[in-house]
Amino acid sequence: MCSSAIGAFTFVLLLTLTGGVTEKMRKSKRTPVPQIDCDIRAGKIKVSEFVARCPPGCLGAKQAVWGTDIYASVSSVCGAAIHSGVIDNSGGKIHVRKVPSSSSYKGTFSYGLRSLSLPRWRESFVVSGTKQQKGMTYPSILEFLPSRTSRIRIGKLKTTSPTSTVTTPEPTSSTTTRQVVREATTTKRLEPRTIAPRRTSEQPAPTQPFMFELRDAAFRGPAMSEFPNRDYPPPHAGVHRQKPAIAVQRMGSLGASLAANGELAADPAYTWMDVETYDTPGYSSKPGLSDYEKWIVSLGESNHRIQDPEFWKFESSDPGQRLGLRGSRPWGPNSDSFKTQSFGIKDQDFIEEPISRGDPNCKIDLAFLVDGSWSIGRRRFGIQKKFLMNIAQVLDIGVAGPLIGIVQFGNNASTEFNLRTYRNSQDLKIAIEKIPQRGGLSNVGRALSHALGTFFSSEQGNRGGAPNVVVILVDGWPTDKVEEAARLARESGINIFFITVEGADQTERQNMVEADFVDKTVCRTNGYFSVSVPSWFKLYQAVGPLVKRVCDTERLACSKTCLNSADIGFVVDGSSSVGTGNFHTILQFVANISQAFEISDTATRVGAVQYTYEQRLEFGFDQHNTKEAITTAIKNIRYWSGGTSTGEAISYALKHLFGKSKANKRKLMIVITDGRSYDDVRAPALAAQRHGVIAYAVGIAWAAMDELEYIATDPDKDHSFFVDEFDNLYQFVHRIVHNICQEFNSQPRN
């Protein structure tokens, strides 16, 4: 009995211990979470759903983010996780799930990171916390999609001497290219050996682009080789270099190997398997390489070398024809012969880069005039650049939103880059960081003249439909006069903001060239366009307020010039006394005045009313938004004929035409008549003026001078005109436009 009890107890104890060990083994077999780099894009990862760990410091990653909540797959996975609030800059585990493409990705600023806008992309993804679904197994090793075709066949080039040698890594096996690469990945570096290329009777044309062609086409930038000369060597041979020219030098990289069958070995950033399908790719990521490094390696490392002159000899007298290029000139940095038709579908898919559309609610052409004088010093110049980078980060730069250019001033002003140069925030930030300090004085007046005369031109990227904004940063005060240059800039429609850092105190004001230089410069003297910062170390505090002000386009008062800020309504006499021929002369007069203005739905708009005893709206302000459309609409007005009731016509135009005028537009009414009205004009004219309408009266032949003065806004001499013949109407076109602009420019600036 005792032995039976002991046996039973032992059996229960063994079961308990076995269960504990099994539970520990089950816990120990928990799938590890793979770590990814900050710049890894979701589109590069093969699986549709995975869990990964982001490292710390991804807030300053190079790869941008496109979208909000739902992100384009070209975005940084870790950047999207930070933007969505799943993790912070310290990193952490995230859950990523790919979803179908979206027709619009909205850019926002969230958790210290600015995402960009994008109209469409082929794939999307969402990021969430690491709460895993039950029964769902996530991969412990992430597989990456290939950046391009794994191998490229090259032609064998004929040489002038059989003793010429080519330096190439020694393959450990010569059976197949895949074997070469698989074995090469197990060693750190292969010793080069020299082989003599075999002379051939004919040289086959390459069936695919050269490796270096793909590399340079993908980057479209300066050569990344240690050799400055990128021109393909001319024919006729010579001795070549022993030293290899690998495009990207990186510790531990192997370079592409030349196999015995004349093919370049596959990308060294990946290991390869014999069987490759979509579900089972023939590659997996090598440890220790970021996605960005794999991109560089896959495009940059090539066994093709730039040799000394006279090395290669072509059977064709035209090397461009032998390589399939246009023209007889060898391809080099300045050649336009390379075309992207050489790419396959996969290659085009890989190098495709999104173009940020930008924030349409902040569509401005913005120029920063930055102080590069010696007085600012190198440290504060760096703070100034950091301020500009923060602005670029907060603004969603893009072709449908804000665009930024930078002018640096010292003794003179020079454009660092214009509005055309950078079309997204990330590239703009990198460019700002590289701006060197030029030194000199702080001649702000010259910088404003440069902005007016050169920077805001169509050649420099000025879009015309976007408000022009200038933000001036100056250390202390300008060393030249600014008033005249600023006046000309304002009258041209440029909105000037002024940021003074560590401005002059009472004892330093006597050293200033021009007192009250801020009020003499800015668009309006109401404080909206000026910012005073007590210290360079507090400049960062001005980022938010400045962005809010420059993006509020309704308050950019100086964008409104006399030619682009009005609703002009023509009230045309169609009575029987005018006649068909003279009516066409009046229509030509109306068209000539309209052509002097900038016509668009956001600039000046034109409408027309014809009247006799009755009134007719020919077209309203919202019907035609180009000069061509306005001219056609005026030409199509049909002569009515009848009596003359000018007073009722003014009341009708006030209700049916100016009743739909925009609140931020100047309302201009131009009444054209050839005789005395059958009704009273004084009361309707006063009602129009009380509603903010500026009235111009044009009388012809039998028009009554007293009625013209009643209709016209004071002073009468600037708003009423009389001509005795219809054929002399054209003489008043320039004068009327001049008076409209003179009145506009005389308005106070506060």
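**Sheets, disulfides and a core residue**

Me: What is the strand order in the open sheet of 5 strands, and which kind of pairing does it have?
Reply: In this predicted model, the open sheet of 5 strands is ordered 1-4-7-3-2 and its pairing is antiparallel. Strand 1 (49-54) and strand 2 (67-68) are its edge strands, each pairing on one side only.

Me: How do you know that strand 2 and strand 3 pair?
Reply: Two strands count as paired if at least two bridges are found between them, and 2 bridges join strand 2 to strand 3 (residues 70-72), so this couple meets the criterion. The two strands run antiparallel, and within them Thr68 stands opposite Ile70 of strand 3.

Me: Why is Leu546 called buried?
Reply: The term applies under 20% relative accessible area, and Leu546 has a value of 3%, so the residue is buried. Leaving aside neighbours within four places in sequence, Leu546 is in contact with Phe368, Phe387, Ile391, Val471, Phe497 and Ile499.

Me: Which residues have the most contacts inside the largest nonpolar core?
Reply: They are Phe368, Phe387, Val471 and Ile499, in a core that has 70 residues. Helix 8 (residues 377-394) gives the most to this core, with 7 residues. Apart from this core lies another, of 37 residues, among them Val578, Ala633, Tyr696 and Val723. Not counting residues up to four places away in sequence, the contacts of Ile499 include Phe387, Val471, Val531, Leu539 and Leu546.

Me: How do you know that Cys362 and Cys551 form a disulfide, and what is its handedness?
Reply: A disulfide needs sulfur atoms within 2.5 Å, and those of Cys362 and Cys551 are 2.0 Å apart, so the pair qualifies. The torsion about their S-S bond is about -70 degrees, and the disulfide is therefore left-handed. Because Cys362 lies in the loop between helix 7 (345-351) and strand 12, while Cys551 lies in helix 12, the pair ties together parts that are 189 residues apart in sequence. Cys362 and Cys551 are both buried.

Me: Why is the disulfide of Cys562 and Cys741 called right-handed?
Reply: Its S-S torsion is about 75 degrees, and this disulfide is therefore right-handed. The distance from S to S is 2.0 Å. The pair links distant parts of the chain, with Cys562 in the loop between helix 12 and strand 18 (566-573) and Cys741 in helix 19 (residues 733-745), 179 residues apart. Both cysteines, Cys562 and Cys741, are buried.

Me: What is the handedness of the disulfide of Cys38 and Cys58?
Reply: The torsion about the S-S bond of Cys38 and Cys58 is about -75 degrees, so this disulfide is left-handed. Their sulfur atoms are 2.0 Å apart, and both Cys38 and Cys58 are buried.

Me: How many disulfides does the whole structure hold, and what is the pairing of the bonded cysteines?
Reply: A search of the whole structure finds 5 disulfides. With the bonded cysteines of the protein chain numbered in sequence order, the pairing is 1-3, 2-4, 5-7, 6-8, 9-10.

Notes
Residues numbered from 1 in each chain as written. Predicted model: local features only at pLDDT ≥ 70, side-chain atom pairs only at ≥ 80, totals over all residues. Heavy atoms only, no water. Buried < 20%, exposed > 50% of the residue type's maximum accessible area, 1.4 Å probe, protein only. Contact = heavy atoms within 4.5 Å. Core = buried A, V, L, I, M, F, W, Y, C linked by side-chain atoms within 4.5 Å. Helix = DSSP H or I, 4+ residues; strand = E, 2+ residues; numbered from the N terminus.
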